[in-house]
Amino acid sequence: MPVLKPPNSGLLFTFRAAAWAMQINTGTYASPVWAWLRGTSKIEPKTTATKQDDSDNDSDGYGSELVTKQKLDIAIEGKVKGERSLSTVVPDPGTTFLRALGTQVGYDNVADIRYWRTDDIDEGYRCNFAVEYTDVGGGNEDLQNYQATLSGRGKPTRIARPTTTPINEVQRIRLIGTGLGGTIGVKFLGQTASGLAPTATAAAMQTALTGLSTIGANNVAVTAVAGLNAWDVAFQGTLAGIDVPPLVLDTSALTGSADKGGEVTTLINGQAA
């Protein structure tokens, strides 16, 4: 009989060890306020088992061990960073909060942490940890580093990985000039809605845009901008949460003042969850 051999693993995907994200709760457990630990370059969860020998006279001289306790620790390290505004640098709030806990004792030293994988492995946890925080010194050419050991207090709670809400793109079509007449066109991905009056209502602009095959029904919502000869186009439906290409405004058939024209600006970039 042929000996069983494992399949070739050359085409398998290998997961990254660094695919962890972590936040610290700066609020209460019931009403958490989650802050990032910015500048973190290492998050290393490690579970250590405590074992006891439960062998007996029937073990034929072989030892038999049983795990009686699991201990979770997370080693983290990174650079001390902050947000800069004009001439002021504000240290990262999450790391600052962790550092402050590391100077305390008893329950004032305990951090509420949630951490999860950011790749295709569906793992997320929340747990309380005792904090050991160390500022790492260095020479003149070294950046300020820190290290921390988070010692788990009990079994971590399995949580759903936090998700973000998709952001829908918003673009503004604006006409410039006075006494405007004639028509304009709006193009998206090669398709053009033409023959639009410069005084078109938001409903008319929306109907024209959703009539394009590159946009489609219910995939944009148009609102008029008060005080401006402009329309805000919010992408939605099948175009929700996408950084879409810009609309292209055609003012070649527009009449009016010498400075007549128009522009399209992106007010909000689309972003997936």
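1. Lys 260 counts as partly exposed, at 37% relative accessibility. That label follows because partly exposed covers the range between buried, under 20%, and exposed, over 50%. Keep in mind that this is a predicted model.

2. Where does Lys 260 lie? Look in the loop between strand 18 (254–255) and strand 19 (261–268). Leave out residues up to four places away in sequence, and Lys 260 touches Ile 176, Gly 177, Leu 180, Leu 254 and Thr 255. Now pick out Leu 101, which is 159 residues from Lys 260 along the chain. The C-alpha atoms of Lys 260 and Leu 101 are separated by 61 Å.

3. Next, the surface. Ile 167, Leu 267 and Ile 268 make a nonpolar patch of about 230 Å². Ile 167 has its place in the loop between strand 10 (157–158) and strand 11 (170–176). Its relative accessible area is 34%, so Ile 167 is partly exposed.

4. Is Arg 126 buried or exposed? Arg 126 is buried, because its relative accessible area is 14% and the cut-off for buried is under 20%. Arg 126 lies in strand 8 (residues 124–136).

5. Stay with Arg 126 and check its surroundings. Its side chain reaches the backbone oxygen of Tyr 29 at 3.1 Å. Tyr 29 is also among the residues in contact with Arg 126 once neighbours within four places in sequence are set aside.

6. The largest nonpolar core has 25 residues. Which of them touch the most other members? They are Met 205 and Leu 209. Several elements give two or more residues to this core: strand 11, strand 13 (184–188), strand 14 (191–196), helix 2 (202–210), strand 15 (220–224) and strand 16 (230–235). Helix 2 supplies the largest share, 4 residues.

7. Leu 209 deserves a separate look. Which residues does Leu 209 touch, not counting those up to four places away in sequence? The list is Val 186, Ile 215, Gly 216, Val 220, Val 222 and Val 233.

8. There is also a second, separate core, of 22 residues. Among its members are Ile 76, Leu 98, Tyr 133 and Leu 150. Find these four in the structure, then go back to Met 205 and Leu 209 in the largest core.

Definitions and conventions. Residues numbered from 1 in each chain as written. Predicted model: local features only at pLDDT ≥ 70, side-chain atom pairs only at ≥ 80, totals over all residues. Heavy atoms only, no water. Patch = residues over 30% accessible without salt bridge, like charges linked within 9 Å, V, L, I, M, F, W, Y side chains within 5 Å. Areas by Shrake-Rupley, 256 points an atom, 1.4 Å probe, with all protein chains shown as cover. Salt bridge = Lys/Arg side-chain N within 4 Å of Asp/Glu carboxyl O. Buried < 20%, exposed > 50% of the residue type's maximum accessible area, 1.4 Å probe, protein only. Contact = heavy atoms within 4.5 Å. Polar contact = N/O pair within 3.5 Å; in protein donor to acceptor, adjacent residues only side chain to side chain. Core = buried A, V, L, I, M, F, W, Y, C linked by side-chain atoms within 4.5 Å.
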